[in-house]
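Open the model in your viewer and keep the selection tool ready. We will go stop by stop.

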Amino acid sequence: MKTITKYLIRFAIVASVLTIIFRFGLSYGIENKSTTVILVSAVIYSLAMFVSGWHFGKEDADYLPILDVGFRFHLTTFLVHNVISYLWFTFGFASKYENVYTVYSVLLIWTPILFFHFIF
């Protein structure tokens, strides 16, 4: 499939690593009731994801000139983040203060946004 490029795969790998690091920092911060660790983890994660998406998206656009306005990267981020978050709970890595319903809430909010992005 031509829409799955080497740059999208590289982005997925980087996003997976960043998401695992984020989940670790988030769970650590929640377990230790450290707002600072939670905020720093979230800010670093969002900036790192933005920069990696920007970098690989630019490379991808040069390689495969289709106009999808980043939807494939948005979908990849959606899948990677939600699968890793769900597995984080499944394998028992989450803090005892975390609830798996948070993952479901994120899915509930993010799915219509992703669908809207697909439509437009």
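How far apart are the end C-alpha atoms of helix α3 (residues 71-90)? Select the helix and check. Its 20 residues, at 1.5 Å a residue, should span 28 Å, and the end C-alpha atoms are 28 Å apart, so the two agree. The expected span is 1.5 Å times one less than the number of residues. Helices here are DSSP runs of H or I, at least four residues long, numbered from the N terminus.

Before moving on, note the ground rules. This is a predicted model, in which local features need pLDDT of at least 70 and side-chain atom pairs count only at pLDDT 80 or more, while totals for chains, interfaces and linings use all residues. Residues are numbered from 1 along each chain as its sequence is written, and side-chain values use heavy atoms, with hydrogens and water left out.

**Stop 1: around α3**

Stay on α3. Of its 20 residues, 14 are buried, so the helix is largely enclosed by the rest of the structure. Buried means under 20% relative accessible area, exposed means over 50%, and partly exposed lies in between (1.4 Å probe, protein chains only). Now select G92, which follows α3. Its phi is positive, near 80 degrees.

**Stop 2: R23**

Select R23 in helix α1 (residues 6-31). Is R23 buried or exposed? At 6% relative accessibility, R23 counts as buried. Show its contacts (heavy atoms within 4.5 Å). Leaving out residues up to four places away in sequence, R23 touches I84, S85, W88, F89 and E98.

**Stop 3: the salt bridges**

How many salt bridges does the structure hold? There are three. Each is a side-chain nitrogen of Lys or Arg within 4 Å of a carboxyl oxygen of Asp or Glu.

- Select E98 with R23. Their closest N and O atoms are 2.6 Å apart. E98 sits in the loop between α3 and α4 (101-119) and R23 in helix α1, so this pair links distant parts of the chain, 75 residues apart. Both residues are buried.
- Select E31 with K96. This salt bridge is 4.0 Å, N to O. E31 lies in helix α1 and K96 in the loop between α3 and α4, so the pair ties together parts 65 residues apart in sequence. E31 is partly exposed, at 30% relative accessible area, and K96 is exposed, at 62%.
- Select R72 with D60. The closest N and O atoms are 2.2 Å apart. R72 lies in helix α3 and D60 in helix α2 (residues 35-63), so the pair ties together parts 12 residues apart in sequence. Both R72 and D60 are buried.

Note on methods
Helices (H or I, at least four residues) and strands (E, at least two) are DSSP runs, numbered from the N terminus.
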